[in-house]
Amino acid sequence: MEKLLTGKVALITGCDSGIGRQVCKIFVNQGATVYANLLSEKSVETLVFECQNSAGKIIPIVFDITDKKKILDCIKQIKNEQSKLDILVNNAGWKKDCVIEMIDDGSLQKMLDVNVTGAIHITQSALRLMKKNNLGGAIVNISSLVGLKGNVGQSAYGSTKGAVASLTKSWAKEFAPSKIRVNAVAPGSVDTQMFYEMNAKDIQSSIEAIGMKRLAKPEEIANVILFLASDMSSYITGEIIGVNGGLQM
């Protein structure tokens, strides 16, 4: 049986850990050539090891998505090596939870730079290749349940993820004539390092609030991203898919 992403070229941001790393592994297993954006050189060897013996190929690229020149260099490399780009996953993100009176300007600016401006810049550059595809392409953004319903102590972070949801809707309308689909995944609580950046009491209460009484596994989020990136979702665009185990219904 042919793999879902055989012959596809993908760029995934934020692959050092968590959801991004799982997306890389699943995409490579499904036959894609994956350009994996990493922030740390230390992540390269581990990611390459985890993706070995797969149907596809992993190509790590270390750069900060807040660096517009590095983004342009990345797209240029993909153009020179592959001559096309089929899939973009805007996964890179950063957060600091804090009530609005206490949020500092540095943290606020970093969340905006990574979660919103970085996604805009890399999408702008990726379109130069994607629009040349006769069959179009797929963009999957990572929003968040917090960006859709809000949460105490997460107004700054949630606002950036709400912006991602809004970008998804607008881009879906803008890019449809070029056969480029744009969707987003809005995870709830996921078993990654980012989730545990709170006190034990809040961790327990957060889990209890979930209908299924457990955190999502990163691969459960990655599987939905795979669906939206593949031709299985060829008539889906402009959707925000909640993956939250019954936290919101």
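**Ground rules**

I am working from a predicted model, so I kept its limits in view: local features need pLDDT of at least 70, side-chain atom pairs count only at pLDDT 80 or more, and totals for chains, interfaces and linings use all residues. Residues are numbered from 1 along each chain as its sequence is written, and side-chain values use heavy atoms, with hydrogens and water left out.

My helices (H or I, at least four residues) and strands (E, at least two) are DSSP runs numbered from the N terminus. For axes I take lines fitted to C-alpha atoms, for helices over the stretch in contact, with angles from 0 to 180 degrees between N-to-C directions.

**Entry 1: helix 1 and helix 8**

I looked up helix 1 (residues 18–29) against helix 8 (residues 218–229), and their axes come within 8 Å and cross at roughly 55°. That makes helix 1 oblique to helix 8; under 35 degrees counts as roughly parallel, over 145 as roughly antiparallel, 65 to 115 as roughly perpendicular and the rest as oblique. The crossing is right-handed, meaning that the near helix is turned clockwise from the far one by less than a right angle, with anticlockwise being left-handed.

Who touches whom (contact is heavy atoms within 4.5 Å)? Helix 1 brings Gly18, Ile19, Gln22, Val23, Ile26 and Phe27, and helix 8 brings Pro218, Glu219, Ile221, Ala222, Asn223, Ile225, Leu226 and Ala229. I sorted the residues of this contact into 10 nonpolar, three polar and one charged. In that scheme Ala, Val, Leu, Ile, Met, Phe, Trp, Tyr, Cys and Pro are nonpolar, Asp, Glu, Lys and Arg are charged, and the others, Gly among them, are polar.

**Entry 2: helix 8 by itself**

I checked the length of helix 8: at 1.5 Å a residue its 12 residues should span 16 Å, and the end C-alpha atoms are 16 Å apart, which agrees. The expected span is 1.5 Å times one less than the number of residues.

The buried residues of helix 8 are Pro218, Ile221, Ala222, Val224, Ile225, Leu226, Leu228 and Ala229. Buried means under 20% relative accessible area, exposed over 50%, and partly exposed in between (1.4 Å probe, protein chains only). These buried residues of helix 8 pack against helix 1, strand 4, strand 5, strand 6 and strand 7.

**Entry 3: helix 1 and helix 2**

Next I took helix 1 with helix 2, whose axes come within 10 Å and cross at roughly 35°. This crossing is right-handed. Arg21, Cys24 and Lys25 of helix 1 meet Ser43, Thr46, Leu47 and Glu50 of helix 2. By class I get two nonpolar, two polar and three charged.

**Entry 4: helix 4 and helix 6**

Helix 4 and helix 6 pack at about 15°, with axes 9 Å apart. They are therefore roughly parallel to each other, and helix 4 passes helix 6 in a right-handed crossing. On the helix 4 side I find residues including Leu108, Met111, Asn115 and Ala119, and on the helix 6 side residues including Tyr157, Lys161, Val164 and Trp171. The contact has 14 nonpolar, three polar and one charged residues.

Helix 6 (residues 155–175) has 21 residues that should span 30 Å at 1.5 Å a residue, and its end C-alpha atoms are 30 Å apart, which agrees. Its buried residues pack against strand 4 (87–90), helix 4 (105–130), strand 5 (137–142), helix 5 (145–149), strand 6 (180–187) and strand 7 (240–243).

**Entry 5: asparagine 141**

Is asparagine 141 buried or exposed? Asparagine 141 is buried, at 1% relative accessible area, and sits in strand 5. Leaving aside neighbours within four places in sequence, asparagine 141 contacts Asn90, Val164, Thr168, Trp171, Val182, Asn183, Ala184 and Val185.

**Entry 6: leucine 39**

Leucine 39 lies in the loop between strand 2 (33–38) and helix 2 (42–50). Leucine 39 is exposed, at 58% relative accessible area. Neighbours within four places aside, leucine 39 touches Asp16, Val62, Phe63 and Asp64.

**Entry 7: two positive phi values**

Serine 83 has phi near 65° and is in the loop between helix 3 (68–82) and strand 4. At 59% relative accessibility, serine 83 counts as exposed. Lysine 179, with phi of about 65°, lies in the loop between helix 6 and strand 6. Lysine 179 counts as exposed at 53%.

Conventions: Contact = heavy atoms within 4.5 Å.
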